[in-house]
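Hello,

Here is the structure I promised to hand over. My notes follow below it.

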Amino acid sequence: MNNRQARLFAIAATGVAALVFLGLTLDSHRQFPELTNAQNITPQVKHGMDVWHKYNCINCHTLFGEGAYYAPDLTKITQHRGEPCLKAYMRDPSKFYDEKIHRRLMPRQDLSEEEISDLIAFLDWVSKVDNQGWPPRPILVTGSFVPGADTLAQGSAGRDDAPPGARPVAADDDERALGEKVFRTAVPACNACHSTAPGADMAGPTLAGIATRAARIVESPDYQGQAKDARGYIHESIVSPSAHIVPGAMYSADGTSFMPTGYDKSLTPEQIDQLTAFLETLK
């Protein structure tokens with residue numbers, strides 16, 4: 001190839017690359033309204049975005065993996081936390097954490113009720129944007145340094161990484177083994193909020209000893225649910241978390257549990273039974 005041919009090739013290749021880039025850019029802009037749910041950008045969502053910037057939330061948190069990394073990514077936060085939980089948290093984050101355990105705390109911002117509602121509306125819109133799987137991995141909204149947050153039995157008896165207080169899950173114990181998988185893979189994942197280590201409360205209370213506590217709660221005269229035994233109480237707590245509110249617990253407000261609802265729709269009855277069976281091993 002002589003100099004003239006090389007020059008023509010470079011010009012042609014540049015032109016083709018520019019046309020491809022232009023075409024992809026136009027196609028992206030064509031899809032943006034649908035991918036971003038533009039029709040759901042309400043005045044409340046817009047004001048919520050202003051609140052996000054006003055209080056410099058991005059200085060600690062990330063959205064779509066972009067921002068600071070001092071605190072969890074909030075892209076899908078409304079799919080992990082219900083509105084009652086988020087409102088209570090934004091009103092006073094210090095009620096949810098212990099500085100000795102969690103090392104650093106979110107500062108209290110003194111947001112107004114309108115700002116809180118609109119910020120949640122903005123984050124809910126963000127959670128429904130088609131982000132093409134980005135961030136590439138789920139980022140838990142609680143730290144993995146909490147004992148038992150991510151460590152579960154893997155279906156073999158006598159494992160050192162079995163949940164504290166759990167009966168070893170035998171290889172042929174299909175229901176409980178499958179329930180352990182549901183614990184880690186449900187949306188939102190149970191281990192995003194609950195530890196299985198004694199005393200390691202996270203966004204939700206530790207599930208260490210849940211089977212023992214469930215039996216005690218059902219027998220209590222203060223119990224308000226419909227369950228008749230520990231298994232029934234655990235099942236009820238999954239599908240109807242506000243059926244019974246534990247007095248004095250910080251995981252509810254105005255008679256509503258902070259635990260997300262909807263597992264009875266996102267999980268099959270078989271999966272709920274499997275999850276219940278697994279939690280029953282946490283004595």
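Arg91 and Glu113 form a salt bridge, with the closest N and O atoms 2.9 Å apart. (A salt bridge here is a side-chain nitrogen of Lys or Arg within 4 Å of a carboxyl oxygen of Asp or Glu.) This pair links distant parts of the chain: Arg91 sits in helix H4, Glu113 in helix H6 (residues 113–127), 22 residues apart. Helices are DSSP runs (H or I, at least four residues), numbered from the N terminus. Arg91 is partly exposed at 36% relative accessibility, and Glu113 is partly exposed at 42%. (Buried is under 20% relative accessible area, exposed over 50%, partly exposed in between; 1.4 Å probe, protein chains only.)

Some background. This is a predicted model: local features need pLDDT of at least 70, side-chain atom pairs count only at pLDDT 80 or more, and totals for chains, interfaces and linings use all residues. Residues are numbered from 1 along each chain as its sequence is written, and side-chain values use heavy atoms, without hydrogens and water.

The structure holds ten salt bridges. Among them is Lys87 to Glu83, at 3.0 Å, N to O. These two are four residues apart in helix H4 (residues 83–91), so about one helical turn separates them. Asp92, Arg108 and Asp110 are linked in a salt-bridge network.

Now the inside. The largest nonpolar core has 22 residues; Phe183, Tyr233, Ile238, Leu275 and Leu279 touch the most other members. (Such a core is a set of buried Ala, Val, Leu, Ile, Met, Phe, Trp, Tyr and Cys residues joined through side-chain atoms within 4.5 Å.) Helices H7, H8, H9 and H11 each give two or more residues to this core.

Best wishes
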